[in-house]
Amino acid sequence: MLMAMMITEECNNCGVCVEECPNHAVFQGDPVYVIDADNCTECVGYFDEPQCVSLCPADCVVPNPARVESRDELLAKMQRLCSNAQ
């Protein structure tokens, strides 16, 4: 089971996740960074694991239980995002 990711209140606002997101799904929220679940593919199609999770020094990026998606759904989302970027 895969899910879009989300950032918890433990975020220290370091911003490392912003630059590493291939879908530009991470942005500054109030008071912590936020992941736009509509643009989060859990890095499926890009990397073997979500880059925000692997790089987060605060371990505050977790699966979003409200956004359960299959690998096929995440791949389709990635392809849609790529085609919209062109």
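Contact here means that heavy atoms lie within 4.5 Å of each other. The model described is a predicted one.

The secondary structure of the protein consists of three helices and four strands. Along the sequence these elements follow the pattern β-α-β-β-α-β-α. The radius of gyration is 12 Å, close to the 12 Å given by the globule rule for 86 residues, so the protein is as compact as a globular protein of that length. The C-alpha trace spans about 30 × 30 × 20 Å along its principal axes. Of the 86 residues, 40% are buried. Among contacts with a separation of 6 or more, 69% are between residues 24 or more positions apart.

The interior was examined next. In soluble globular proteins, nonpolar side chains tend to be buried together. The largest nonpolar core of this protein has 17 residues, and the members that touch the most others are Ile 7, Val 26, Ile 35 and Val 61. At least two residues of this core come from each of strand E1 (2-7) and strand E3 (33-35). E1 provides the largest share, three residues. When residues up to four places away in sequence are not counted, Val 61 touches Met 5, Met 6, Ile 7, Ile 35, Cys 52, Val 53 and Cys 56.

Helix H3 covers residues 71-85. From its first C-alpha to its last, this helix of 15 residues reaches 21 Å, close to the 21 Å expected at 1.5 Å a residue. Leu 74, Lys 77, Met 78 and Leu 81 are buried in H3. Viewed down the helix axis, the buried residues of H3 fall within an arc of 100°, so they line one face of the helix. Asp 72 and Gln 79, on the other side of H3, are exposed. The buried residues of H3 pack against E1 and strand E4 (61-69).

Glu 69 is a residue of strand E4. Its relative accessible area is 11%; Glu 69 is therefore buried, since the cut-off for that class is under 20%. A polar contact of 3.1 Å joins the side chain of Glu 69 to the side chain of Lys 77. With neighbours within four places in sequence left aside, Glu 69 is in contact with Leu 2, Met 3, Ala 4, Cys 40, Leu 74 and Lys 77.

Pro 31 is located in the loop between strand E2 (26-28) and E3. The relative accessibility of Pro 31 is 47%, so this residue counts as partly exposed. Apart from neighbours within four places in sequence, Pro 31 is in contact with Glu 9 and Asn 13. Pro 31 and Glu 9 are separated by 22 residues in sequence and by 8.2 Å in space, C-alpha to C-alpha.

Gln 51 belongs to helix H2 (residues 51-55). With a relative accessibility of 15%, Gln 51 counts as buried. Its contacts, leaving aside neighbours within four places in sequence, are with Glu 20 and Cys 43.

Note on methods: Residues numbered from 1 in each chain as written. Predicted model: local features only at pLDDT ≥ 70, side-chain atom pairs only at ≥ 80, totals over all residues. Heavy atoms only, no water. Core = buried A, V, L, I, M, F, W, Y, C linked by side-chain atoms within 4.5 Å. Buried < 20%, exposed > 50% of the residue type's maximum accessible area, 1.4 Å probe, protein only. Expected span 1.5 Å × (residues − 1). Arc of directions from axis to C-beta. Polar contact = N/O pair within 3.5 Å; in protein donor to acceptor, adjacent residues only side chain to side chain. Rg over C-alpha atoms; globule rule 2.2 N^0.38 Å.
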